[in-house]
Amino acid sequence: MDFILSRIQTQLAWVGTDDSIDWKLYVQATSWGVTLWECFLLLRQYPLYSKAAPPPALAAHIPAETFEKSQRYGKEKARVALFSKLYTQTLDSLLLHVGFYPWCWETTAIPNLKGGEITHSILFSFLLYFLSSLPSLPISVYSTFVLEERHGFNKTTPALFVTDLLKGWAVAVVLGSPFLAAFLYIFQWAGPERFVPWVMTFMISFQCLMIILYPTVIQPLFNKLTPLQNGQLRERVEALASRMKFPLKHLYEIDGSKRSSHSNAYFFGLPWSKHIVIFDTLLQQSSAAQVEAVLAHELGHWFFMHPTKMMLVSQVHIFAILAVFPAFLPSRPFLRSFDFADQAPPTIVAFLLFQMILTPLEAVLGMGMNALSRQFEWEADRFACEVEEKFPNKSATGEKEDPMSTRLGQALITLHVKNLSTVWVDWLYSAYHHSHPTLTERLKALEAYEPKEKKQQ
């Protein structure tokens, strides 16, 4: 590893000495480039919201009135998204141009501050986080209380909205402070030549800690988790988990309807202790057999180790970022480009500006990660369709019911109908933004997975 890191730093040594590059102009140009690209994709998608009928494959499943509602919902969300992107980018560019980041650093430079650069960096980060979040509040308010309300999804009260906002800031301070302190201390202790493996070890440990803290400490601040009541669904899920040897510890229902009528289900936890969470809205909208199919899909992700694979990919990503960062850390020309004083660059400032440099690369990598995620979704769908064959239920009563592929298809259609999800999707827009295949694509694949006897009927 030391050899790899040394070679990278040798190749990037010019960053610390080359005064000819206008890094601020580079960030302005590339960030606007990404924003305009995303606006272009939105404009490709927008005409599809004017289609008068759903795709032929979905025509029998989506009532005309529901389709018209989903088209209006998608069109309005697209307009808000387009405005939000241009508004946010304009504001970010303006703040960068007028020297907002140096001002935040100088403002938090309290004389004789205990903790030195680490405490200063924490104050700087939170001032930046707080001030940067304020301009986006009007868009968030509009999206929640106008857009979502108009289309029947919003359940959030103004009091709950403000409470969630304050809780979010409090959690950011309580968890962010020790995280930043430890992160920066490792940089200081290990030095720019040796910090990479130590920082990666710390970040993996922090991720594992968050797996424990999130469901027990953080999520209860926002939602109520209650054990799923006894009944057909609980019996089905526990039986399936037992046959698969899925280490199910808790099966929860979450009050998602407290904020929205959108629905979902997911699992989380350490390798030996997993928790399944089902939104109460999903329970209201789907039958027990359909919810079982959705959870079979989620268990497919576990069976194929998709979360672990995603984590490994993210670790490679983090390693690449950290391996390149030391070339920018001591670079005074780099900081001068952003109007900082000619001084030894503070680690947190250099890292923040370095992240801006990576904006176009992150956009490309995000598209690649979405492609990988879609592949995992195909695999999980196929697993759900084959789960009864792979893990047969020997205690089944013999009652005839639809195969899992049919039930999963019905559940996906119900989710799309109830959530007014878009069914006409531009291929390039989808490739860039979507982590899941489209409904049409998934239903076509599910038909191919149906048992032979079902196809012959």
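Q: What do "buried", "partly exposed" and "exposed" mean here?
A: Buried means under 20% relative accessible area, exposed means over 50%, and partly exposed lies in between (1.4 Å probe, protein chains only). Strands (E, at least two residues) and helices (H or I, at least four) are DSSP runs numbered from the N terminus. The model is predicted: local features need pLDDT of at least 70, side-chain atom pairs count only at pLDDT 80 or more, and totals for chains, interfaces and linings use all residues. Residues are numbered from 1 along each chain as its sequence is written, and side-chain values use heavy atoms, without hydrogens and water.

Q: How many residues of strand β4 are buried?
A: In β4 (residues 273-279), seven of the seven residues are buried, so the strand is largely enclosed by the rest of the structure. Ser273, His275, Val277 and Phe279 point one way, while Lys274, Ile276 and Ile278 point the other way.

Q: Which strands pair with β4, and in which sense, parallel or antiparallel?
A: Two strands pair if DSSP finds at least two bridges between them. Strand β2 (residues 248-254) pairs with β4 in the parallel sense over six bridges, and Leu248 has Lys274 as its bridge partner. Strand β3 (residues 265-270) runs antiparallel to β4, also joined by six bridges; here Leu270 stands opposite Ser273. A hairpin of two residues links β3 to β4.

Q: Is Tyr129 buried, partly exposed or exposed?
A: Tyr129, in helix α5 (residues 116-133), counts as partly exposed because its relative accessibility is 39%.
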